[in-house]
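Dear colleague,

I am handing over the structure we spoke about, and I would be glad if you would look through it with the notes below at hand.

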Amino acid sequence: MRLVSYVDRTSAEPKSSYGMMVGERIVDLATPTVKTLRDALATEGIAGIERRAMAADASSTISINDVTLLPPITEPHKILCVGLNYFLHAQEAGMSVPSSPSVFVRFSSSFVGHREFVVRPPESEQFDYEAELAVVIGRVARRVSEAEAMDYVAGYSCIAENSVRDWQRHSAQATPGKNFVNSGAFGPWLVTRDEAPNYEKMTIVGRLNGEIVQQDTGANMIFPVPSLVAYLSTFTELLPGDVIATGTPAGVGMSRKPPRYLREGDVFEVSISGIGELQNPVRNEFYTSRGDDE
């Protein structure tokens with residue numbers, strides 16, 4: 001299944017919902033008690049969502065062109081991101097291969113959906129692109145082994161885990177440079193694991209204004225998906241709908257000579273074979289200080 005979260009723009013009172021893609025149309029799956037995809041994963045699991053989707057009225061659908069796509073999981077409990085998880089990216093960054101995953105967190109407010117603007121903040125000239133594979137958790141996971149880790153994965157999506165590089169380097173903690181509002185993107189949908197290729201066979205591509213700037217396969221991750229799920233579930237309880245951004249391939253803007261950062265008018269795309277394509281234009285943030293209003 002391809003599962004989406006969206007806002008119906010044709011409704012008199014637009015509100016967020018979720019559903020299943022059938023071609024280019026959406027079968028709505030929200031109920032009065034299960035209003036988000038995150039809640040559906042928590043209460044029904046993928047099997048329950050699929051049963052309900054198969055029983056839904058397929059004649060009552062909405063075109064994807066009539067909705068605004070939201071991140072597939074609109075309010076995850078946790079977004080856990082992994083840095084330096086491709087050998088060539090570690091090399092271009094001048095960093096040694098880590099012995100344990102480098103983990104930081106992002107807030108849901110830092111992501112927009114497919115085709116929405118990602119926002120370049122006025123505080124920096126170093127807004128960088130990062131194409132990544134996102135893993136969405138489907139079951140509560142705590143201290144799971146690598147051997148059983150994939151049983152806890154609901155599916156995959158694309159994520160533009162963009163960075164504000166100078167703010168990322170303000171200290172040893174990456175958090176400030178990773179959480180500017182609307183600086184990243186997530187989507188367009190969640191592809192359930194039963195319909196997705198093996199992550200090792202996925203090709204992750206980043207395109208800037210149509211030019212390929214990043215490309216690698218999941219097979220070249222330093223810490224593969226099962227290893228990440230096992231590691232993260234050791235120190236925290238992974239919940240249904242939690243998101244793991246698995247790291248970006250080589251080719252990021254900061255490592256180019258000269259550096260190549262995102263500017264207003266650019267379009268960045270994340271394309272992952274068997275999953276889909278996430279596309280987002282870039283705009284500058286319109287910012288007015290308190291003093292300007294007075």
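Predicted model: local features only at pLDDT ≥ 70, side-chain atom pairs only at ≥ 80, totals over all residues.

Residues are numbered from 1 along each chain as its sequence is written, and side-chain values use heavy atoms, with hydrogens and water left out.

The structure holds 13 salt bridges (a side-chain nitrogen of Lys or Arg within 4 Å of a carboxyl oxygen of Asp or Glu). In one of them R106 meets E161, with the closest N and O atoms 2.6 Å apart; R106 belongs to strand β7 (residues 102-106), whereas E161 sits in the loop between β12 (153-160) and β13 (163-164), 55 residues apart. Helices (H or I, at least four residues) and strands (E, at least two) are DSSP runs, numbered from the N terminus. R106 counts as buried at 3% relative accessibility, and E161 does so at 1%, where buried means under 20% relative accessible area, exposed over 50% and partly exposed in between (1.4 Å probe, protein chains only). In another salt bridge, D128 and R165 bring their closest N and O atoms to 2.8 Å, and this pair links strand β10 (residues 127-128) with helix α4 (residues 165-168); both D128 and R165 are buried. Through shared partners, salt bridges join R106, D128, E130, E161, R165 and K178 into one network.

Turning to the sheet, five strands form an open arrangement in the order β9-β19-β18-β15-β16, with mixed pairing (two strands pair if DSSP finds at least two bridges between them). Strands β9 (118-120) and β16 (211-217) stand at the edges with a single partner strand each, so one side of each is left without a neighbour in the sheet. Within this sheet, β18 (residues 267-272) and β19 (residues 276-284) pair in the antiparallel sense over six bridges, and V267 stands opposite P281 in β19.

Finally, S233 is placed in helix α6 (residues 225-235) and counts as buried at 0% relative accessibility. A polar atom of the S233 side chain lies 3.1 Å from the backbone oxygen of A230.

Key: Polar contact = N/O pair within 3.5 Å; in protein donor to acceptor, adjacent residues only side chain to side chain.
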